[in-house]
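Hi,

Here is the structure I promised to pass on.

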Amino acid sequence: MQTHPQSGKTVQHNAPTATASNSLNTLESVSLGRLSADALQRATQHPQAMSPAQMMHLQRTIGNRSVAELFKQNSTAAKPAEKPAEPVAASGTIQAAPTASQADIQRKVYIKKTLFGGYRNKTKSGRGSEGTGERNVNTMMGDSKSRYFNSKDEMSQYAGDTTEKIGYVEKTNTWIRLPDELTVIGEKHTATTLHEVVKAVGTDKFMYEGYTEHPAEAADNPELKATMRQRDAVGDAKFGGVGSGPGTKSHYAESFYPKIIRGLQGLTVGYDYQVMGSEAEKNLLGMAIRFGASADEDSGLYRAYTTQEDLWKSTATSLEGDTHSAEPLTAAMRTAGSSDLFTTFVQELTDYATLKIQEEQAHASAADKKAFSDNWHVAKVDYDVEGSEIMKAEKARDFSMFQHIKKAKSDGYLLYGLGDLHLQRIKKLLDTEGIKSENMNTFISNQEENHPQR
């Protein structure tokens, strides 16, 4: 059993104290059998030195079981560990290394100590049959992962899969514990993400950048609605289904309108009229085309869509396929020898969605608008300079995220995940609002420091 002896305070007395026993007895004569804080601290180092009167008082204070544990720890710490006998091999043979059943197995379930702080290493439990799979208590005590619980009851709750703030992040081999308040985490989408954190703790109280609000236009547009639902399904799969059942909380982290502008602003047309961009940006082009079908009929976006409706429909279908190809649009531009079809559509959608953004922001409080204006800034390394079309879209996205973060906090959410660039731009704002935020590397590093994998 692994012990965690606590350091004591150096206490000076006027009377000579040749031994720990004399020290405690002297204190007893002064305090009439009651233990002071200093004497209690020394008792953790020399429990055998306590007088019967002090022992009775300590038992009344912390209970018989805790006193027994104190004596057990002190006795264990006092004895040198016995080295197991080395297996003797026959002459001329090679002795096999001890197997897990032969050698000491490092038990790695830690229960927080209630009196003296720290954790004690739990090597056996009457609750060993609780839980299934990796959360079975006996399995947890025998595998290589270090898990830290505040109590045996919390260990049982974790085994029963009823906790939502503790868990083991497989990707980084880290035991984590979420605070009771909202934590905003900035991530690099190609590294450790909120998916791993949520799957570890099993909470549905999260919002994530990958989930986008469905626009009002989707209600009467089956194709757009289907596209949005498919996007949600992809997100659900990445979270391992956590938080996707009936009655779970909403995970939408930002508005549709600035997101769709940002997607299109990241696309370009190559010399051979191929539409160039990331898979995510091409997916948003398909979504934008579906959205154009529901624009107001007197808008430039609706006219741009309806004048080439069949072309836009076939392009959207192609983009929604496995290849994410805009080949129908590419062929039409190649035939025309011009990219005007694409650039006109992008401009009309940007103008239309910008009006929708302005309508949404009109509902925000004056205080939120001022706080955002005073504290938002571009990141040190960003997509472009402030004021460019792509950064206008990013700024609108950041404001929408800020509004969703505030809602997440007020609604008792535990996590909000977003790209690291977004966090860099609004961290000062979140600090001003008293909202905890950090990037994923810092979050994991702090958790590793608090819960070392031994």
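Helices (H or I, at least four residues) and strands (E, at least two) are DSSP runs, numbered from the N terminus. With that in hand, H324 sits in the loop between α12 and α13. Please keep in mind that this is a predicted model, where local features need pLDDT of at least 70, side-chain atom pairs count only at pLDDT 80 or more, and totals for chains, interfaces and linings use all residues. Residues are numbered from 1 along each chain as its sequence is written, and side-chain values use heavy atoms, leaving out hydrogens and water.

The chain has 18 helices and 12 strands. Of its 454 residues, 42% are buried, meaning under 20% relative accessible area, with exposed over 50% and partly exposed in between (1.4 Å probe, protein chains only).

Back to H324: its phi is near 50°, a positive value in a residue other than glycine. Because its relative accessibility is 19%, H324 counts as buried. D161 also has a positive phi, near 60°, and lies in the loop between α6 (152-159) and β4 (166-169). At 54% relative accessibility, D161 counts as exposed. For context, most residues other than glycine have a negative phi.

Next, the interior. A nonpolar core here is a set of buried Ala, Val, Leu, Ile, Met, Phe, Trp, Tyr and Cys residues joined through side-chain atoms within 4.5 Å. The largest one has 36 residues, and I260, V275, L285, I289, F291, F345 and L349 have the most contacts inside it. Several helices each supply at least two of its residues, among them α8 (222-238), α10 (279-292) and α14 (340-361). The largest share, seven residues, comes from α14. A second, separate core of 23 residues includes A253, M391, F402 and Y416.

V275 touches L267, T268, K282, L285, A326, L329, T330, M333 and F342, leaving aside residues up to four places away in sequence; contact means heavy atoms within 4.5 Å.

Finally, α16 (389-410). Helix α15 (residues 366-375) packs against α16 at an angle of about 130°, with their axes 11 Å apart. Axes are lines fitted to C-alpha atoms, for helices over the stretch in contact, and angles run from 0 to 180 degrees between N-to-C directions. On the α15 side the contact is made by D368, K369 and F372, and on the α16 side by K395, D398, F399, F402, Q403 and K406. Just after α16, G412 takes a positive phi of about 80°.

Happy browsing!
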